[in-house]
Amino acid sequence: MEKLTSSCGSGGWAGSAFLFLQSNLQQVDLPALYKDPEQKINVFKALKLTLSDSAGGLDGYEILKVHDTESALIIQIKFSDEMHCTAFLESYTSGGLKQCLGQHLKAVLPVTEELEFDTKLKAGSKTLDDFLKDRDRCLLCIKEAQPDRLRDDEVAQLETTLQSLMLNNRHPSEAVHKGSSSSSSEPLSPVLPLNSREEGSLLPSHSFKFQGRVYDDRRLTSSDHQKFAFVIGKQWKKVGRSLQKGCRALKDPAIDNLAYEFDRDGLYEQAYQMLSKFRQSEGKKAKLSRLISALEENGLMGIAEQMLDIQPAERQ
């Protein structure tokens with residue numbers, strides 16, 4: 001494994017942190033699952049989706065190495081963007097990261113119990129859990145702990161595998177899939193969004209494309225509404241600002257007003273009220289495709305997959 005010979009490379013903002021993860025559920029041994037060749041890609045995908053959801057997008061960070069000890073997984077993360085690092089810290093502090101990880105892992109593991117985790121975040125010799133409320137100090141510690149390695153070969157191979165799965169899902173003859181359906185033969189859903197719309201004109205009416213696959217479009221339901229409010233966490237404002245482009249009810253300062261009005265009620269209620277405004281204002285135009293597009297625009301691919309009930313190939 002090649003080591004970095006300079007602290008920051010391009011001279012921009014960069015830092016490093018170690019995320020320790022240990023399951024509280026006896027039958028869920030994360031290091032053993034990661035060592036299992038059949039489960040490794042699923043565990044890695046769950047980690048990627050969790051970081052994407054927590055950091056607020058696909059940019060600004062990368063996994064350098066995944067260490068599997070006897071009791072815990074340790075993920076070495078490189079941050080190259082202060083904004084995304086801040087979003088990650090906010091999600092970690094609020095418990096959003098644990099919630100996302102539990103949801104993503106539960107989708108690939110044969111368990112019915114809710115997953116809970118013990119976590120620890122370190123930067124260099126500093127344990128950030130000791131002063132998480134001091135955001136500036138946490139950022140400084142992460143920045144001072146410059147990455148000491150390039151991306152591990154195993155991680156690079158896992159990234160390539162996920163990219164390959166994404167490309168395989170782009171075949172133009174693929175059938176239309178229901179957003180609420182699942183199949184044991186369904187390919188593993190990719191992590192990254194498509195950047196091309198070359199087949200857009202071939203889409204059936206009342207349908208939309210996500211990650212190279214076609215889904216039936218429909219009005220948002222109460223079930224969609226509740227699911228979104230439960231999983232979106234602090235990212236609801238970003239999604240709201242994406243939705244506001246075609247929705248007058250969410251134009252400024254509506255979103256900030258919602259955050260202030262429902263501050264004491266928590267993130268669930270804030271997100272719920274935002275989507276309520278969207279559904280009430282847009283009526284029949286409040287479509288699933290618009291919500292998925294807003295999530296995709298903000299790099300929240302894991303949440304978009306949950307909204308579409310996409311299941312991994314290994315789930316029976």
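**Helices and their surroundings**

Trainee: What follows H11, and what is its phi like?
Mentor: Gly299 follows H11, and its phi is positive, near 75°. Keep in mind that this is a predicted model.

Trainee: Okay. How many residues of H11 are buried?
Mentor: H11 is mostly covered, with 7 of its 10 residues buried. They are Leu288, Ser289, Leu291, Ile292, Ala294, Leu295 and Glu296.

Trainee: And what covers them?
Mentor: The cover includes two strands, S6 (207–210) and S7 (213–216). Helices H7, H8, H10 and H12 (301–307) are also among what covers the buried residues of H11.

Trainee: Let's go to H10, then. How far does H10 reach?
Mentor: H10 spans residues 267–282, which is 16 residues, and reaches 23 Å from its first C-alpha to its last. That is close to the 22 Å expected at 1.5 Å a residue.

Trainee: Which residues of H10 are buried?
Mentor: Gln270, Ala271, Met274, Leu275, Ser276, Phe278 and Glu282. Their cover includes H7 (222–231), H8 (236–243), H9 (254–261) and H11 (288–297).

Trainee: What comes just after H10?
Mentor: Gly283, which takes a positive phi of about 60°.

Trainee: Switching topic: where does Lys48 sit?
Mentor: Lys48 is in helix H2, residues 40–55.

Trainee: Is Lys48 buried or exposed?
Mentor: Lys48 counts as buried because its relative accessible area is 11%, and the cut-off for buried is under 20%.

Trainee: Which side chain does Lys48 have a polar contact with?
Mentor: That would be Glu159: a polar contact of 3.2 Å joins the two side chains.

Conventions: Residues are numbered from 1 along each chain as its sequence is written. This is a predicted model: local features need pLDDT of at least 70, side-chain atom pairs count only at pLDDT 80 or more; totals for chains, interfaces and linings use all residues. Side-chain values use heavy atoms; hydrogens and water are left out. Helices (H or I, at least four residues) and strands (E, at least two) are DSSP runs, numbered from the N terminus. The expected span of a helix is 1.5 Å times one less than its number of residues. Buried means under 20% relative accessible area, exposed over 50%, partly exposed in between (1.4 Å probe, protein chains only). Contact means heavy atoms within 4.5 Å. A polar contact is a pair of N or O atoms within 3.5 Å; within protein, one must be able to donate a hydrogen and the other to accept it, and residues adjacent in sequence count only if both atoms are side-chain atoms.
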